[in-house]
Amino acid sequence: MKRIIILLIMVIAITAVSANELLQTTLTNGMQIVVKENKLNESIGFYCFVKTGSVNEGKYLGAGISHFLEHIVSSGTTEFHTEDEYNEMGKEMGALVNAYTSSAVTAFHITVDKPYKDMALRNLSQQLQFSICDSFEVAREREVILKEIVMRSTPPHSKIYQRHGELVYPNSNKRYPVIGYMELYKTISRDELQDYYKARYAPNNMIFVAVGNFEAEEMLEEIVDSFKDFPRRQIEPVYLPVQHQREGSIEYIEEFEIESPSVYISTILSASDYQDATALNVALSILFSKRQSPIRYKLVEELQLVNSRGFYGYASGAPNSPEGEITIQFEPKNSADIDLIISIIDEEIEKYSQAGITEEDLQNYINRMKANKLLRTPGVSSDANSIGWTMMFYNVPDYYPTQVQILESLKAEDLAFQLRKHLVSKNRIIFKAVPKGEKALLESKDIASIEKSEIEKVTINDNLTLLHKMNTKKPLINAIIHLPISKNYETIENAGTLSFMTNLMFRGSKNFNSLDITEWKEDHAIYFSTNSSTNGITIEFKCLKADYDKLEEMLFDAFKNPSFEDTEIILAKEEVIASFKRSKSRATTAHRDYLNSILFTDSRAGLSSEAKKDIILSLTKSDLQELHKTLFNSEKLIVTLFGDITKKEATEIAKDIKKNMPNNKIKIEKNFTKIPDQNGTFLNKYGFEQVNLDIYCPAPPLSTEDYNVMKLINEILSGSRGRLHQAVRGTNNLAYYAFPQFHSSENFGYFNLNSQTSIDKKDELTQVMVNELTRLMTEDVPIDELNSAIDENEKMLKAMLNDNSLPYYITHFEALGLGYDYIDRISEIHKKITPAQIKTVANKYFKNQTIIISEPDENVELMVK
């Protein structure tokens, strides 16, 4: 494998560490606190990790009481405020509030703009200390979680994941699902929730993390003040039985409602061997993770026995868990080949346990990890979450320096030794999840000077626009190239081909073969993606500045001379087949196919997922070449460049991109899709338990004055504090979620409400959602509610957007013709909209509603009666 000279030089040369200050302390009551300055934007994130999850539930094991309590504590009533009052404060702050439960922790988080940090900290601290487990809220959330259990437990791949845990950990608490078994869950009372809250929610069982734009010492003082009177409690120890490794190779074959089989090969990693996990993960990454990793390449490309997605190996072992696991997972193309594939994996691992992994392989892995660290620009929420988990595992807020030391102490022989120690002996569980009817087939630190600039639009000429922002904090370039090559050029005969062709363009060209491209991008930690929509093609990449010139060569050659190699076409088609097979076990796919057939009859949008798959599979190399020649032409271009790049450099790069982009005129006509202006209810019976519900209405295209009014209507209905969520969940217990969606392009638009529920709630949910549209047509939206929705949306945008996400959004709005600064102007635009305008637009577009419902047929055995 090639030495990555430039990357290695960059990683060694860049020794400066972040100037962000990080402080850590433990209060006398036992609460661990970490604060870290992150001044990439104005937002602040608070996380609290309560060290109790599904494995810690004692007499409630399998009931999901930790997850149930998460729903009650998060924004629920306390001794100080009601749930409604917390929701109103959340609106005022524009807060992003959420929580989650895992096997080990229950985590609560809130992200706000800087002016609201005190209120956010106060609210979260009250909920963690003073929840009253309100009876009404408990009853309501009980119904909500029942729907969540159905949504998360009934899909076939969820059943496979859960079954894998039960088979690997039969004696461990890890065998229980985090959300709980339905019958056990139903038995939990309000008093038991309160008792569990008092027993487990103690400061000496918590880690509190704050990350954001603040002074670390001041924030630490505020957090200490919020929790200093929180009394320490005796935490009753929970017995965690150890899952010991079982001798020999134990196999299970089970059938599921799936199209593609999945296989798991799992070995228990005992706590005494946790120090081996790092070397094991390096070895498994070298053998499985990259396209040219030897085992992946042999099974995916040479023998073509395994799908490329879902093929990986990993070792996990948390210091606070009595055991971990080593797992290799793959998706065979045919169930009949499973045993052959396992034997090949075994042979290859045995071979590489003796020789084959080199010092160069190890060094390349370390270089990639360092490059990924440099390229990562976390937001405050992900940063806080990462710190919390690192504290859980290692009791330090930043494990990266230690991880590097461990990696740099390894030798290639250490990796081979760990393969011999843990995998060659074959003491393991093999779980083969196969499609129905196929079981029989198998039974036979320096602070650098940082320069920043604001976003600037540079109109280089009538056909070339540059959006630029400089930030020298890290030596990277974050780029978006937008071409107005719309999927509207597609017809019913070639739907989906533009996206397929665009993706293949960058998988091999005249001067760069596919394997070299893949290897170089993997070794240099390049992020690269393409996307095609009715608004155009977007090419997005992120790389170290030192790697840009090489990446540019590859881009320009792909623009003009894509090779569409036969092997790549075959691989890409196999990915399409595998994705289609996975999708057939999802209720949302069946519902979406039915929905499209109702809304878009006799148009490309009305094609089923199977029909679209067949179109792709019929493509030949000459078809792709003709598509490229006909469609990949762009007279106009938007280039967005963020990062360690001056305006002058960015301008030259944008000009070079335009110069190397084919710019012949596209001579075919566009085919626009329209939502039918119709009334009616359409019912689909399918083989899934959850009821999927959509209400579709026509909506204004981009070019009309109604566009911004409809955007504001979407904001009024959106979010956990919006009208729709409050109507279906806040008071009525009808659904786990419901949300609106407004889509608009140059020639058409649609507005829809989407939800998912149980069969007994279907009719009531439908009526409630229709009522919300009727309210908008018949009642004036109160000015206070209007202003609240606008303010909340503005605050959420401020809390969410940073230099990672901004390039996409500003390019998107500039391409739509709304202006790159639309995000900054949207609140002022919406404040000029009156309740009368909202009512007028609602009446113009919401009078005719297409209601589309998919519900279980008579053959579905319901989990929830």
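Author: Contact here means heavy atoms within 4.5 Å. This is a predicted model, where local features need pLDDT of at least 70 and side-chain atom pairs count only at pLDDT 80 or more. Residues are numbered from 1 along each chain as its sequence is written.

Reader: What makes α11 and α12 meet?

Author: Contacts do. Pro294, Ile295, Lys298 and Leu299 in α11 meet residues of α12, including Ile341, Ile344 and Tyr352. Helices are DSSP runs of H or I, at least four residues, and strands are runs of E, at least two.

Reader: Why is α11 called roughly antiparallel to α12?

Author: Helix α11 (residues 294–302) and helix α12 (residues 338–354) pack at about 155°, with axes 10 Å apart. Angles over 145 degrees count as roughly antiparallel. That makes α11 roughly antiparallel to α12. The angle runs from 0 to 180 degrees between N-to-C directions, along lines fitted to C-alpha atoms over the stretch in contact.

Reader: Why is strand β10 called largely enclosed?

Author: Buried means under 20% relative accessible area (1.4 Å probe, protein chains only). In β10 (residues 323–330), 8 of the 8 residues are buried, so the rest of the structure largely encloses the strand. Glu323, Glu325, Thr327 and Gln329 lie on one side, and Gly324, Ile326, Ile328 and Phe330 on the other.

Reader: How do you know that β8 and β10 pair?

Author: Two strands pair if DSSP finds at least two bridges between them. Strand β8 (residues 262–270) and β10 have 8 bridges, in the antiparallel sense.

Reader: How do you know that the span of α20 agrees with 1.5 Å a residue?

Author: The expected span is 1.5 Å times one less than the number of residues. The 13 residues of α20 (residues 548–560) should span 18 Å, and the end C-alpha atoms are 18 Å apart, so the two agree.

Methods. Heavy atoms only, no water. Buried < 20%, exposed > 50% of the residue type's maximum accessible area, 1.4 Å probe, protein only. Parallel < 35°, antiparallel > 145°, perpendicular 65-115°, else oblique.
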